[in-house]
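Please keep the sequence and the model in view while reading.

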Amino acid sequence: MTQLHIIGGGMAGSEAAWQAAGLGVQVVIHEMRPQTGTFAHQTDYLAEMVCSNSFRSDDDEQNAVGLLHWEMRAAGGLIMDMADRHALPAGGALAVDRDAFARAVTEKLLAHPNIRLERGEVNALPDQGQWIIATGPLTSGALAEAIAQETGATALAFFDAIAPIVYFDTIDLSKAWFQSRYDKGETEEQRTAYLNCPMDRDQYEAFIDALLAADKTEFHEGETAQYFDGCLPIEVMAERGRETLRHGPMKPVGLTNPHAPDKKPYAVVQLRRDNALGTLYNIVGFQTKMKYGAQAAVFKSIPGLEDASFARLGGIHRNTFLNSPTLLDDQLRLRSRPNIRFAGQITGVEGYVESAAMGLLAGRLAAGELLGQPVGAPPRETAMGALVHHITGGAEAKTFQPMNVNFGLFPPIDAKGGRRGRRDRYKAYTDRAKLAFSDWLAGQKRDAA
């Protein structure tokens, strides 16, 4: 019997299980929750979203993340399928009702005849069998220690922060308004997917002062804060310069306040719908390590949120990841123990989509090995191939940090016929990637025939 064990039922583990099971492999998912919980998880669902509810851009012609969405859909990805079925209006982004999404993923996996779920913690590296470790940023202490002992190096870490969620009915709509930036979206619902809270200059300066003065979570002795730049706490951004937030999550561009159409806001705080009912909104880009009391006080200084009630305040957690360029081969196998693959955020990719994509790839690679039909990694011209190449050898090991997918990871486009504009160049990247990825999938089907 061909059997694959997967440790971790997050985005990567769920997608890996789905892919391998679909190819005919018997899969056992080992998930430690609810017997062993984490501070960030609220349910025992598989693929629970603990930070944002967004899969980011869904533009598969001009955006590398959107291209990764396309590739995962082309490969029959479970995460993208369930995200599409439980999507919420979010302009050009793909956001989902997080509980409905996770529940649907869990139900689909448990209904698959080739998948079995075992609840309980795995705290050591297995010697026998084929395994994928997809435990993500909240890998249990015992397993993290076992990994560190095997690799001969202490795991690297940065701190990942969680944004707060506000009850919609406590937002003052006489000050806030619905609008996606630049009215982006094909439907009225998408064009009004965000709630916007405007600030004038004095309000913004007072907000920055409050952020800088607020009580922050202290780190444990021996820990250092190596933040990933794509997920910086707002107070860390504020420390980098008083205008940093105004050029980041609080930028006022592409928005017109209908309550004062002739007055341009100096800064804007955006909130995005977090569930299908529209009863919850998360504050976009407002991940934070402020203490809870300070959070409530600072966030209630935002116009429109003076009487806000919070379904969840922000938090911060340690994110463990491997130095993958030195430890993993191009099949995502641990060089010292090739019966073990790694997938997801623990490999040094950042983001739900990237994590799920590495799960998809690990599941297919493991299944190919178990079935005697070896599969090579996707071409570097694809989003998935560019990402896996980066983490397994393309990145500089000495400075390795978590990475989102981006066009800078792709082989350059030959700009024949003169200099290309950015839109033409990105379109050339995505056109080339789609052809290469389609060929990669077709090759697997031929080998299986």
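Strand β3 is joined by two bridges to strand β5 (residues 93-96), and the two run antiparallel. Strands here are DSSP runs of E with at least two residues, helices are runs of H or I with at least four, and both are numbered from the N terminus. Two strands pair if DSSP finds at least two bridges between them. Within this pairing, serine 57 has alanine 93 of β5 as its bridge partner. The model is predicted, so local features need pLDDT of at least 70 and side-chain atom pairs count only at pLDDT 80 or more, whereas totals for chains, interfaces and linings use all residues. Residues are numbered from 1 along each chain as its sequence is written, and side-chain values use heavy atoms, with hydrogens and water left out.

The open sheet consists of three strands in the order β3-β5-β4, with antiparallel pairing. Its edge strands, β3 (54-57) and β4 (87-88), each pair on one side only. Helix α3 (residues 78-85) lies across β3, β4 and β5 and runs at about 80° to β5. Such angles are taken between N-to-C directions, from 0 to 180 degrees, using axes fitted to C-alpha atoms, for helices over the stretch in contact.

## The enclosed strand β11

Is strand β11 (residues 194-199) buried or exposed? Six of its six residues are buried, so β11 is largely enclosed by the rest of the structure. Buried means under 20% relative accessible area, exposed over 50% and partly exposed in between, with a 1.4 Å probe and protein chains only. In a regular strand the side chains alternate between the two faces of the sheet. In β11, Tyr194, Asn196 and Pro198 point one way, while Leu195, Cys197 and Met199 point the other way.

Strand β11 pairs with β10 (residues 177-178) in the antiparallel sense over two bridges, and phenylalanine 178 has leucine 195 as its partner. Six bridges join β11 to the antiparallel strand β12 (residues 267-273); there, asparagine 196 is partnered by glutamine 270.

## Glycine 13

Glycine 13 belongs to helix α1 (residues 11-22). This glycine 13 is buried, with a relative accessible area of 0%. Not counting residues up to four places away in sequence, glycine 13 touches Ile6, Gly8 and Ala134, where contact means heavy atoms within 4.5 Å. The C-alpha atoms of glycine 13 and serine 355 are separated by 9.0 Å, although these residues are 342 residues apart along the chain.
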